[in-house]
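Here is a friendly walk through one protein model, with an eye on its open space and its charged pairs. Please have a look at the structure first.

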Amino acid sequence: MTVADPAGGLRTAFRGHPAGVAVLTATGPDGPVGMTASSVASVGVDPSAVSFSTARDSRLAGALAGGGTVVVHLLDDTDTGLATAFAAPGAERFGAGVRWMALPTGEPWLVDVGTALRCRVLSVTEVGASLLVAAEVVELLGLRRRGRPLVWVGRAYRGVPVEDAVTAAADARPAPGRSPYADG
């Protein structure tokens, strides 16, 4: 099937594909910067690394120019307000009502988010008007769930029941001592 408008077709395709929601924060030349992202993905565990994308002309991209560090805040449905605030163009992201502090290493940390990863940028690849960033996790700033995992799907934030995810993961595990790659 050929699509006359690939960009529109891609938006339509991903509208029904849930993506986890995160807020990315860093320190730029003019102070703290941040944005909501649904492009965060785990890359691997050796080294522990994540990837995400951002617009090439974003304030976050400017803060990450030449390397640097970023804090990846993995959001729960209790953080929907933060997701909305950090997604709004021109919004004051670090204003009243947003509890944050500068880490000893300088990055802004949203202290109410249950799970955050401090990362060091490994590489930045230009992809059209976007940048694809790979970053190594150098510090865990909490690993706790306060609510249901937050996803973006159908142009809305939605909480995903953890019980469903936990049950599916448990059902997919191989029997003890059995390789997940073994035949029959």
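**The largest pocket**

Keep in mind that this is a predicted model. Its largest pocket holds about 880 Å³ of space. The lining is made up of 27 residues, and those closest to the pocket centre are A19, A37, S38, S39 and W152. Which elements give two or more residues to that lining? They are the helix α1 (6–15) and the strands β1 (19–20), β3 (31–37) and β11 (150–153).

**The salt bridges**

Side chains of opposite charge can pair when their charged atoms come close. In this model the count comes to eight salt bridges.

| Salt bridge | N to O distance |
|---|---|
| D76 and R145 | 2.2 Å |
| R99 and D112 | 2.9 Å |
| E139 and R118 | 2.9 Å |

Let us start with D76 and R145, whose side chains meet in a salt bridge. D76 sits in the loop between β6 (69–74) and α3 (80–87), while R145 sits in the loop between β10 (130–143) and β11, so this pair ties together parts that are 69 residues apart in sequence. Is D76 buried or exposed? D76 has a relative accessible area of 1%, so D76 is buried.

Next come R99 and D112, which also form a salt bridge. This pair links distant parts of the chain, with R99 in the loop between α3 and β7 (100–102) and D112 in the loop between β8 (108–110) and β9 (115–127), 13 residues apart. R99 counts as exposed because its relative accessible area is 54%. D112, at 30% relative accessibility, is partly exposed.

E139 is partly exposed, with a relative accessible area of 34%, whereas R118 is buried at 13%. Which residues are joined with this pair into one network? Through salt bridges that share partners, E107, R118 and E139 form one network.

Conventions:
Residues numbered from 1 in each chain as written. Predicted model: local features only at pLDDT ≥ 70, side-chain atom pairs only at ≥ 80, totals over all residues. Heavy atoms only, no water. 1 Å grid on protein atoms, 1.4 Å probe; cavity = no way out; pocket = protein on both sides within 12 Å on 5 of 7 lines; lining within 4 Å. Points joined across faces, edges and corners; volume = space filled by probe spheres on them. Helix = DSSP H or I, 4+ residues; strand = E, 2+ residues; numbered from the N terminus. Salt bridge = Lys/Arg side-chain N within 4 Å of Asp/Glu carboxyl O. Buried < 20%, exposed > 50% of the residue type's maximum accessible area, 1.4 Å probe, protein only.
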